[in-house]
Amino acid sequence: MDSTALLTDHYELTMLTAALRDGTADRRCVFEVFARRLPAGRRYGVVAGIGRILDRMVDFQFGTHELEYLRATSVIDDATATWLANYRFNGDIAGYCEGELFFPGSPILTISGTFAECVLLETLVLSILNHDCAIAAAAARMVTAARGRPLIEMGSRRTHEDAALAAARSAYLGGFASTSNLEAGRRYGIPTAGTAAHAFTLLHDDEPAAFASQVAAAGKQTTLLVDTYDITQGIRNAIAVAGPDLSAIRIDSGDLSVLAAQSRELLDSLGAVDTRIVVSGDLDEYAIAALAAEPVDAYGAGTALVVGSGAPTAGLVYKLVEVEGRPVVKRSEHKSTIGGRKTAVRRHKPTGTATEEVVVPRGRPQSRPHDRDLQRHYVRGGDLAPGLPTLVESREHLRQRLISIPWEGLKLSAGDPAIPVVSG
């Protein structure tokens, strides 16, 4: 099986080849990942994908097949091929925890080592973080809009098959209760949930026959999709077949606000007072918020979620900030950087409300009561640090962080970042 090393970009190997030739490849460097700004309308970002990066680091090596391809296409020369054949990342990686909030200028991830070994990780790191952070932020906003009602991730059919797994993981990190993606359940331990599609109803001679078949196979704890034909009759058929103790019905089309209210009234009149109403169909955080006053018990979100609900990338960049202990800066207009390795802490009121994030290049902020360090070690000398958080722990970390920011930071409307990032 091939490794993941060809996630490396062409220009990274161009730089590597040149650096090996001119003798700068072994210079000790520090790279940082950060966002210059948040996506339009967002008040916070969510760190997600760290665990996936660390998993990929295990097999990030250049095997025979990759090296043969790179030689055959003249991407690298023989000297570079020899160097890559022995490549293993032996540097350090530190950064924010998964589930941490970030803001413009937050040093989310710090990669240090030789220029050669660090530069090869740029595409791997950015491709994972930009995708996963975007999905996690969208998920967190949807969870906030749902006001405690559970959400099911249903986006696998709306994105690439590998992205579907990453999206399911990020959605769960962001607070979703479950996923319909069974591989995500197997790989990451995420609870799975799902129901039948309209095709199953259309397969049968009539709706009652379809419902009876599903109940016979899955029991009354299943969810029956009632809007294939007529929703009112669909609900009547569902309760007639399954009885008033049917777990849930799902509505996937129409004016969900009106239909939810009408469905609740009908269910109650049929004695199905505990049968839950699940709604789906192109829901984003704004549509979910609009249903807050309706008798909806759970939401299914797919398309909007897996494209970051309008922000499909977190806009993160990977920049060199230090060479041989010397700060280096990029001065390009609108793309300038601040040199030196950064240290970040978040300051809080005694009540626990975050007030600001303090970022200091080449040093650390003066300690104050209620400060919380934001960075931890993930890799030391090429080896994974012990005691890395689980996905469940990262999910809880995000829940606590969302509680800590001022309430204005949870608004869905456009506004300033929830807390400012300042230089210490």
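Hi everyone. Please keep in mind that this is a predicted model, where local features need pLDDT of at least 70, side-chain atom pairs count only at pLDDT 80 or more, and totals for chains, interfaces and linings use all residues. Residues are numbered from 1 along each chain as its sequence is written, and side-chain values use heavy atoms, with hydrogens and water left out.

Let's begin with salt bridges. By a salt bridge I mean a side-chain nitrogen of Lys or Arg within 4 Å of a carboxyl oxygen of Asp or Glu. How many salt bridges does this rule give? The count comes to 21.

One of them pairs Arg52 with Asp132, at 2.8 Å from N to O. Arg52 sits in helix H2 (residues 50-57) and Asp132 in helix H6 (residues 122-146), so this pair ties together parts that are 80 residues apart in sequence. A quick word on those labels: helices (H or I, at least four residues) and strands (E, at least two) are DSSP runs, numbered from the N terminus. Are Arg52 and Asp132 buried or exposed? Both are buried, and here buried means under 20% relative accessible area, exposed over 50%, and partly exposed in between, with a 1.4 Å probe and protein chains only.

Next, Arg346 and Glu100 form a salt bridge whose closest N and O atoms are 2.6 Å apart. This pair links distant parts of the chain, 246 residues apart: Arg346 belongs to strand E14 (residues 342-348), and Glu100 to the loop between strand E3 (92-96) and strand E4 (101-102). Arg346 and Glu100 are both buried.

Glu183 and Arg187 have their closest N and O atoms 3.2 Å apart in a salt bridge. Both lie in helix H8 (residues 182-188), four residues apart, about one turn of the helix. An α-helix has 3.6 residues a turn, so residues three or four places apart point the same way. Glu183 is partly exposed at 26% relative accessibility, and Arg187 is partly exposed too, at 45%. Back to Glu100 and Arg346 for a moment: salt bridges that share partners join them with Glu357 and Arg372 into one network.

On to helix packing. The axes of H1 (residues 10-22) and H4 (residues 78-85) come within 10 Å and cross at roughly 105 degrees. Axes are lines fitted to C-alpha atoms, for helices over the stretch in contact, and angles run from 0 to 180 degrees between N-to-C directions. H1 is roughly perpendicular to H4; under 35 degrees counts as roughly parallel, over 145 as roughly antiparallel, 65 to 115 as roughly perpendicular and the rest as oblique. Which residues of H1 and H4 make the contact? On H1 they are Leu13, Leu16, Thr17 and Leu20, and on H4 Thr80, Trp83 and Leu84, where contact means heavy atoms within 4.5 Å.

Last stop, helix H7. In H7, 11 of its 13 residues are buried, including Ala163, Arg169 and Tyr172. After H7 comes Gly175, with a positive phi near 120 degrees. H7 also packs against H15 (residues 391-404) at about 50 degrees, with axes 8 Å apart, and the two are therefore oblique to each other. Arg169, Tyr172 and Leu173 of H7 meet Leu391, Val392, Ser394, Arg395 and Leu398 of H15.
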